[in-house]
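Hi,

Here is the structure I promised to pass on. Have a look first, and my notes follow below.

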Amino acid sequence: VVGYDKTTLIKDVNLKVVSGQVLTLIGPNGAGKSTILKTITRQLKRIGGTIYLGQESMNNMRDSDVSKSLSMVMTERLQTELLTGRDVVASGRYPYTGRFGILAKEDWEKVIALVHAQDVQDQDFRKMSDGQRQRLMLARAICQDTDILLLDEPTSYLDMGFKLDILANIRMLARERNLAIIMSL
């Protein structure tokens with residue numbers, strides 16, 4: 001059961017996503033797609049029911065354990081004061097760092113491998129096009145090395161060519177990396 005402030009928006013939500021597949025929530029604005037995703041990611045408190053990651057209830061999991069199983073790209077814009085494209089992607093590795101948030105050499109290697117566009121890696125994230133930002137946000141989620149990827153409106157604000165490219169990349173990610181992907185459109 002999902003909603004806001006103990007007010008039910010949708011009840012009897014029952015979703016299952018399998019590794020290597022993409023599950024898409026489709027509906028008009030205000031239908032509750034993002035509310036479902038935000039409840040899964042614990043941004044919203046669930047009103048009822050249980051969410052499982054594999055066989056384990058998320059009720060029994062610490063946030064740090066969830067962040068090693070589940071990554072997300074939400075529609076809200078990041079506050080990226082003075083961050084480069086590389087810095088934004090690198091933030092996906094923080095669940096694996098120690099108390100001081102210092103990335104190891106292996107973490108930086110994963111980041112560099114995912115920031116394909118050399119021309120944007122050192123550019124201010126705020127000054128990039130929406131398409132470039134969206135690609136880097138997807139790279140950030142992939143860099144987190146999770147089995148489950150949640151994408152809230154991953155093609156918003158993009159022109160048709162970028163939309164098709166992002167959707168093709170999402171399908172490829174599910175197959176090649178054997179990810180379970182839930183996205184809203």
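Glu153 counts as buried because its relative accessibility is 18%, under the 20% cut-off. Keep in mind that this is a predicted model. Glu153 forms a salt bridge with Lys33, and the closest N and O atoms are 3.9 Å apart. That pair links distant parts of the chain: Lys33 sits in helix 1, Glu153 in the loop between strand 7 and helix 7, and 120 residues separate them. Lys33 is buried too, at 9% relative accessibility.

The count comes to 3 salt bridges. Another one joins Asp63 and Arg42, with 2.5 Å between the closest N and O atoms. Asp63 lies in helix 2 and Arg42 in the loop between helix 1 and strand 4, so this pair ties together parts that are 21 residues apart in sequence. Here Asp63 is exposed, at 55%, while Arg42 is partly exposed, at 31%. Asp65 and Arg62 also meet in a salt bridge, at 3.5 Å from N to O.

Now for the inside. The largest nonpolar core has 22 residues, and Leu138 and Phe125 are among those with the most contacts in it. Helix 6 supplies the largest share of this core, 7 residues. Leaving aside neighbours within four places in sequence, Leu138 touches Val73, Leu149, Leu151, Ile170 and Leu173. A second, separate core has 16 residues, including Ile51 and Ile182.

Helix 6 itself is mostly covered, with 10 of its 14 residues buried. Asp145, which follows helix 6, has a positive phi, near 55°.

Cheers

Definitions and conventions: Residues numbered from 1 in each chain as written. Predicted model: local features only at pLDDT ≥ 70, side-chain atom pairs only at ≥ 80, totals over all residues. Heavy atoms only, no water. Buried < 20%, exposed > 50% of the residue type's maximum accessible area, 1.4 Å probe, protein only. Helix = DSSP H or I, 4+ residues; strand = E, 2+ residues; numbered from the N terminus. Core = buried A, V, L, I, M, F, W, Y, C linked by side-chain atoms within 4.5 Å. Contact = heavy atoms within 4.5 Å. Salt bridge = Lys/Arg side-chain N within 4 Å of Asp/Glu carboxyl O.
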